[in-house]
Amino acid sequence: MADQGIPDATLDGYVRILAAVAATGRRLTRDEVESRRAVGERAAEAGHGLRALVGAHLDATRTHWPATAVSPDSVLAAVAQAVDAFAEGYERAQRLAVRQEEAARREFIDDLLYGRSDLGRLAQRAEHFGLRLSFEHAVAVAQGTVAYDEGDAVLRVVERALIGRFGDRSILLTTKDGRLVCVAPGDQDEVLTFFAKQAYAATDGCQVAIGRPQSGAGGVVQSYEEALNALDLAERLELDAPVLRAADLLVYPVLTRDRQAMADLVHSVLGPMRDARGGAQPLLDTLTAYFDAGCVGAEAARRLSLSVRALTYRLERIHHLTGADPSDPVHRYTLQTAVIGARLLDWPSVAL
């Protein structure tokens, strides 16, 4: 057994059981079966491979085949029963180890993304999962129309694609609150870009947000929150781009940092549009389409399914009500900022 790296303790009691069975032709007792399960569990915990362990049992069977046996069939039946019990114990220990590993991984991910736990201890735990938190990391978050969890096939598909393309590059792929989450080194933007592409394909069109690279354990939390905020902005501003980068959306947090000032701007600039026939919403939609189209009237009219003449009338009406001319560069900046604020604050549906 030493030559195969399998200790003799792994076969503890097995030869004795063979001899007892050969003399009577009986099956294994309940205690004997349980003893083989317990030995199997200990072998799994010691890290021995199941194939080598089964081979060791067969070698022991040939070496210690009883010279006198009631029947060879009874010995073979006992061998099958003993090996089956041993394998059952081995697999039971393996399943327990997997569950413990999954629980530890989930706890680590929760602590990592929520910024809980001592940072030094968190950094030590991170190395077990292939992350070195002293370096910069960036986080990408994919949000689809349904929620995903660790057992979801979508996660496995994306994981296989990432490993197949990049191998082991200190990438952590998981799920959190129904979203797919990918943590990668901050200097490997190609990993997160590829993740976004694969997640989009695997989910039939999810939206992916990528946070900026940040250093340290707290940096992972920052990048993760930036990605979540980008997804929230996309929903509120109706941004339909498949990939959003937090670095490209920094102006929006700046605009909303002083909520009261933004509310005052929306109320003072756009508030008069409430007096229009049909309320402010149609005119707000007109301004949104006009600015999204780069202030090109024909394109804005197409997006609104209006004639250019009808669009022009609406813009003139906005000018009359607000005193701000959308075609004037100075007025345009104020109007566009107010329109962004209205979308962020859900005005006019929500009173300011």
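Strand 4 (residues 207–210) of this predicted model has Gln207 and Ala209 pointing one way and Val208 and Ile210 the other, and all are buried. Buried here means under 20% relative accessible area, exposed means over 50%, and partly exposed lies in between (1.4 Å probe, protein chains only). In a regular strand, side chains alternate between the two faces of the sheet. Helices (H or I, at least four residues) and strands (E, at least two) are DSSP runs, numbered from the N terminus.

Residues are numbered from 1 along each chain as its sequence is written. Because the model is predicted, local features need pLDDT of at least 70 and side-chain atom pairs count only at pLDDT 80 or more, while totals for chains, interfaces and linings use all residues; side-chain values use heavy atoms, with hydrogens and water left out.

**Strand pairing**

Two strands pair if DSSP finds at least two bridges between them. Strand 4 pairs with strand 1 (residues 136–143) in the antiparallel sense, over four bridges, and Gln207 of strand 4 stands opposite Gln143. Strand 4 is also joined to strand 6 by three bridges, and these two run parallel. The bridge partner of Ala209 in strand 6 is Leu244.

Strand 2 (residues 172–176) is mostly covered, with five of its five residues buried. Leu172, Thr174 and Lys176 lie on one side and Leu173 and Thr175 on the other, and both faces are covered. Strand 2 runs antiparallel to strand 3 (residues 179–185), and five bridges join them. Thr174 has Val181 as its bridge partner in strand 3. The hairpin of strand 2 and strand 3 has two residues between the strands, and Asp177 takes a positive phi near 55° there.

**Cysteines and aromatic pairs**

A disulfide is a covalent bond between the sulfur atoms of two cysteines. With the criterion of a pair of cysteine sulfur atoms within 2.5 Å, a search of the whole structure finds zero disulfides. Cys206 is in no disulfide, and the nearest cysteine sulfur, that of Cys182, is 12 Å away. Cys206 is buried, with a relative accessible area of 3%.

Rings of Phe, Tyr and Trp (its six-membered ring) pair if their centres lie within 6.5 Å; planes under 30 degrees apart count as stacked, over 60 as edge-to-face and the rest as tilted.

| Pair | Centre to centre | Angle between planes | Class |
|---|---|---|---|
| Phe166 and Phe194 | 5.5 Å | 85° | edge-to-face |
| Tyr290 and Phe291 | 5.8 Å | 55° | tilted |

Phe166 lies in helix 6 (residues 153–166) and Phe194 in helix 7 (residues 189–202), so this pair ties together parts that are 28 residues apart in sequence. Both Phe166 and Phe194 are buried.

**The largest pocket**

Rolling a probe the size of a water molecule over the atoms shows where empty space is left. On a 1 Å grid over the protein atoms alone, a pocket is an open set of points where a 1.4 Å probe fits, with protein on both sides within 12 Å along at least five of seven lines; lining residues have an atom within 4 Å of a point.

The largest pocket holds about 380 Å³ of space. The pocket is lined by 18 residues, and the closest to its centre are Arg236, Leu237, Glu238, Thr288 and Arg343. Helix 8 (216–237), helix 11 (281–292) and helix 14 (329–345) are the elements that give two or more residues to the lining. Helix 11 gives the most, with five residues.

**Backbone features**

Glu238 has a phi near 60°, a positive value in a residue other than glycine. Glu238 sits in the loop between helix 8 and strand 6 (243–245) and is exposed, with a relative accessible area of 69%.

Asp346 also has a positive phi near 60°. Asp346 is in the segment after helix 14 and is partly exposed, with a relative accessible area of 42%. Pro348 lies in the segment after helix 14 as well. Trp347 and Pro348 are joined by a cis peptide bond, with omega about 10°.

How values were computed: Grid points are joined across faces, edges and corners, and a volume is the space filled by probe spheres set on the points.
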